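The following note is intended for a reader who is meeting this structure for the first time. Please read the numbered points alongside the sequence and the model.

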Amino acid sequence: MGTSEIVTPDGLSEAGKKFIEQKLAGKYSPEDVKTIKDTLDMASRGALMQRGTGEKLADAFKRSIPLASSTAEKMSEAYAQLFQKEIPEDVKALVASIQEISGKKFN
């Protein structure tokens with residue numbers, strides 16, 4: 001799977017959901033896996049939508065499509081690298097790492 005498929009400007013992709021499920025299978029409970037997927041979805045959407053804060057949503061979205069796509073690709077790569085590392089035992093530590101990535105400024 002290409003790393004650019006984990007998140008899109010619309011949030012966590014179907015391929016991303018499967019990737020996360022495969023990486024976390026047996027490591028966390030189904031409820032914790034859902035929490036991780038929800039966190040990735042919400043964090044990535046929020047980070048990508050903040051690009052147009054203070055503008056009309058439609059205008060911001062039109063201008064941000066190329067930037068959001070590029071940011072989503074870079075964010076996906078960062079998430080893929082996170083899941084290639086040793087997954088922490090504590091789900092809260094993983095959630096914190098996800099939120100740290102989503103808060104990063106990708107140029």
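Predicted model: local features only at pLDDT ≥ 70, side-chain atom pairs only at ≥ 80, totals over all residues.

Which helix supplies the largest share of the lining of the largest pocket?

1. Residues are numbered from 1 along each chain as its sequence is written, and side-chain values use heavy atoms, with hydrogens and water left out.

2. The largest share of the lining, 5 residues, comes from H3. Helix H3 (57–84) and helix H4 (91–103) each contribute at least two lining residues; helices are DSSP runs of H or I with at least four residues, numbered from the N terminus. The pocket has a volume of about 180 Å³, a volume being the space filled by probe spheres set on grid points joined across faces, edges and corners. A pocket is an open set of points on a 1 Å grid over the protein atoms alone where a 1.4 Å probe fits, with protein on both sides within 12 Å along at least five of seven lines; lining residues have an atom within 4 Å of a point. Among the lining residues are Lys 74, Glu 77, Glu 100 and Lys 104. By class, the lining has 3 nonpolar, 2 polar and 4 charged residues, where Ala, Val, Leu, Ile, Met, Phe, Trp, Tyr, Cys and Pro count as nonpolar, Asp, Glu, Lys and Arg as charged, and the others, including Gly, as polar.

3. Ser 44 belongs to helix H2 (residues 30–49). Ser 44 counts as buried because its relative accessibility is 0%; buried means under 20% relative accessible area, exposed over 50%, with a 1.4 Å probe and protein chains only. Its side chain reaches the backbone oxygen of Leu 40 at 2.7 Å, and a polar atom of that side chain lies 3.2 Å from the backbone oxygen of Asp 41.

4. In helix H1 (residues 14–24), the buried residues include Phe 19 and Ile 20. Seen down the axis of H1, the buried residues fall within an arc of 115°, taken from the directions from the axis to the C-beta atoms, so they line one face of the helix. The face turned away carries the exposed residues Glu 14, Lys 18 and Gln 22.

5. Glu 89 lies in the loop between H3 and H4 and is exposed, with a relative accessible area of 65%. Glu 89 touches Lys 27 and Tyr 28, leaving aside residues up to four places away in sequence; contact means heavy atoms within 4.5 Å.

How values were computed: Polar contact = N/O pair within 3.5 Å; in protein donor to acceptor, adjacent residues only side chain to side chain.
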